[in-house]
Amino acid sequence: MAIFSAQKRLLHALCSSPSPSPVTSLIGATFHLRQFSSGNVARANSATIDKEPWWKESMEKIRNIGISAHIDSGKTTLTERILFYTGRIHQVHEVRGKDGIGAVMDSMLPEKERGITIKSAATYCNWKDHKINIIDTPGHVDFTIEVERALHVLDGAILVFCSVGGVQSQSITVDRQMRRYEVPRIAFINKLDRMGADPWKVINQARSKLKHHTAAVQVPIGLENDFKGVVDLVKLKAYCFNGKDGENVVVEDVPSDMKALVDEKRRELIETVSDVDDILAEAFLSDDENISEADLEGAIRRATIAREFIPVFMGSAFKNKGVQPLLDGVVSYLPCPTEVSNHALDQSKNEEKVELTGSPDGPLIALAFKLEEGDYSQLTYLRIYEGVISKGDLIINVRTGKKIKIPKLAQMHSNEMHEIQEAHAGQIVAVTGVDCASGDTFTDGSVKYTMTSMNIPEPVMSLAVKPVSKDSGGKFSKALNRFQREDPTFRVGLDPESGETIISGMGELHLEIYVERIKNEYKVETSVGKPRVNFRETVTQRASFDYLHKKQSGGQGQYGRVIGYIEPLPAGSETKFEFENMLVGQAIPSNFIPAIEKGFKEAANSGALIGHPVENIRVVLTDGAAHAVDSSELAFKVASIYAFRECYAASRPVILEPVMLVELKVPIEFQGAVAGDLNKRKGVIVGNDQDGDDSVITAQVPLNNLFGYSTALRSMTQGKGEFTMEYKEHSPVSHDVQTQLINTYKGNKAAE
C-alpha cells in the first residue's frame, strides 16, 4: 500500500502546489495520474473535487474474460491465437501439434498427452491500449468446477461454439453457469473452415436451445474450404487475414456480391438490438436507413453489458481467421470492472448485502478463488474487487481472522510467474506462501466482508486406491491432501467396512487424471479398485420418533429423551439436511440442542439400507426429557442416533442413484442399435434430432449402467459414434435394483 499512499500524498501536494506538474503512476503500466493544469489547481484550491476519479480512465481499459465452451470447440486454440496476435507469445503451437510442444495454456503433462484442458489457466495480454486478463477453462464436464471458479470472478466471457456441432450439451451447462454468475458474454462461432460449417444454424440453435437474444455482428466470406474472412456489420468493412499465421489484417470494402446479404443481416442486427435498447429503437423508428456505426456500437455495448443481448462473432482460430476482430469485440462490447455489479456480505452486520464500488480507492477486498501447489509453497489466485494490494502488505483472512504478510505477488502466464510489486481493483493476481482455503476473502482489516460462495457440485463416482509400496504411504497422503485443497469436487475418505482409501469425483476421467498425477508428480504407483457409484438414501414419508437413552453403571449415568419426527424436504430445497427445534419450554435445556442436532447429522451419514448418506431430510424436535444429574451432551447425542435408526424404516426409505444427461451423435444407420442399447441400460430418451447425416440423441441414463460405455458405443457404430455426459440429478432406483443393492450390502456385511 506504500506506493498507493505515496501517490495520494503526491496528488494532495500537487493540488495544493501553486504550479502544475505531470505525475506518472507507479502501479504498473496501466495507471497514469493526469497532468494537472492551472485550472485543475484552481478547482482543487477552491475545494471543488474533480468529477472523474484519477483511476477511472485506467479501469475502463481493463477486461477480465473467460473462454468457455463444449469440449473440442477450440477454446485453447483460440486463446493461443489471442496470445500470439497480442504479442504475448511469438510462436504458435497447436493443442495436438506435431512439434510435441503443445499449447502454452496446457502446461500439465496429462493435458499435453490427451490434448484437452484439465485445469483453468490464467494469462494476460494487451490489445489496443487495453489490458485483457484471460482464463482458459476446460470443456469436459468432469472438470466443471474449473469453469465455476473462473466465471465466479470474471466480468465477461467468450462462449465458443463449433460451427458444425453447434449448441452441444456442455454449451448448455456453461451457458447456465454464466447465467448463474450474471456474466455478460459474446459468442464466437469457430471452425468455419470445416466441412458442414453452418453459422446460421448455430445462431438459431442458440436462440431455441439457450433462449439467447442474439444476432450476428459479422457475416463470413465463404465457408468450409472457401472461408476467407468476415464482413463487419457495424463498420461495414471486410476483413481478410494474410501472412503465415494470419497476422496481416487487410481491411477492404464489402464485396459487391455480398451487399444484399450484408444489408439483410445488418438490418436483422439493428432490429434485434432495438428490441432491448430504447435509444437505438428511437433512432431506428425515426430513420431506419441511417443508423451510424457509433450508434449501433454503443447500443450493442449497452445491451451486452445489461445481459440483454449476445453479439455473435465468426472465424476459424486454427486457420488464423477472425481472431483480431473478436479481440476488438472484447474491448468494444464487454464490460470493464467498474461496469459490473459485485456484492459482498458484511459479517459484522449479520451478512447484510453490500454493493462494491470496484474502485482502487476503497478498502482491500480480494477473493481466493483457486489454489495450486507451487514448487515451494501454495499458489493462491486472487481476484481483487476493491482497493490495492502490495508485496509485503499485511492482509486479513476474514474466515480465520489471521493476519498474513504477502511475500510475493505475481501475474500468471499459464504456469509462469511474472513478479509485480502492486495490483489494484479489477486485476487477477497470484500470491505465494498464503495459507488459506478456496473461497476465502481477504481484506485490509477496515471491513469484515466476505464474497458470496460458488456452486460446488457433489461427486458422483468413487474409486478405492492404495499405494503399491507401503513405503510410499507418506507421499500418497501428501498428494491426496494437496489435490483436495486444490479441487473442491475431489474428496477423500475411508470405507467404514474395509478401511480402504476412497477417492470421489465428477467422473471416470476426473479420477483417472488424479491417479495419473499421483504417479507422475509423486512417483507413487497405485492399485485402483473398480469404479463405484455414489448412491444416496432418502425418506419418502413422515415418521415419528420417541427414544429414551438411559444408562446407569455406578456414578453419573446417562439420560436423554428425544421426541419428534423426520420427513422429506420439499423438492428443490437448497439444503440436504435440516434440523428444526420446535420445543416449547425447557423440557430439554438449550445447551443440549446442538448435541442433538449433531447426533442426527451423524446418523444421517450412514443410512440403514446400504450404508450411504441420507439426503433431503428434515428432523423436527418437538419434545423430550432431561435429568438434572445424568443428562449430558453425550447422552442426548446417543439418544438422537438411536432415535433416527429406530424411525428410519417407518419413513419408507429409498435408494437414490446419480442419473446422467447423455448426448450422443451417431450416423443415422446406427440410431436403432444405439437407442435399443440405451433402453437396456434403463435410459430414458428425451430428445432425438437430425443433424445432416447424423442423429443426435439425448437421454437420461443411470451412471451405474454407463461404465465402459465408450467402448460399447464404438463397437456399435464402427467407431463413428461419440457421446458426452453430465450429472443431472439423483433419482430413486427401481424396486428390483433397490432389492439387489440391499442384498449385496447385507451379504458383504455378513462376510466380514
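Predicted model: local features only at pLDDT ≥ 70, side-chain atom pairs only at ≥ 80, totals over all residues.
**Overall architecture and helix packing**

Residues are numbered from 1 along each chain as its sequence is written, and side-chain values use heavy atoms, with hydrogens and water left out.

The protein chain contains 19 helices and 38 strands, taken as DSSP runs (helices: H or I, at least four residues; strands: E, at least two) numbered from the N terminus. Of its 752 residues, 55% count as buried (under 20% relative accessible area, 1.4 Å probe, protein chains only). Among contacts (heavy atoms within 4.5 Å) between residues at least 6 apart in sequence, 70% join residues at least 24 apart.

Helix 6 (residues 144–153) is largely enclosed by the rest of the structure, because 10 of its 10 residues are buried. Among them are the charged residues Glu 146, Glu 148 and Arg 149.

The axes of helix 9 (residues 259–274) and helix 10 (residues 278–286) come within 8 Å and cross at roughly 130°; axes are lines fitted to C-alpha atoms over the stretch in contact, with angles running from 0 to 180 degrees between N-to-C directions. Arg 267, Ile 270, Glu 271, Val 273 and Ser 274 in helix 9 meet Leu 280, Ala 281 and Phe 284 in helix 10. By class, this contact has 5 nonpolar, 1 polar and 2 charged residues, where Ala, Val, Leu, Ile, Met, Phe, Trp, Tyr, Cys and Pro count as nonpolar, Asp, Glu, Lys and Arg as charged, and the others, Gly among them, as polar.

Key
Buried < 20%, exposed > 50% of the residue type's maximum accessible area, 1.4 Å probe, protein only.
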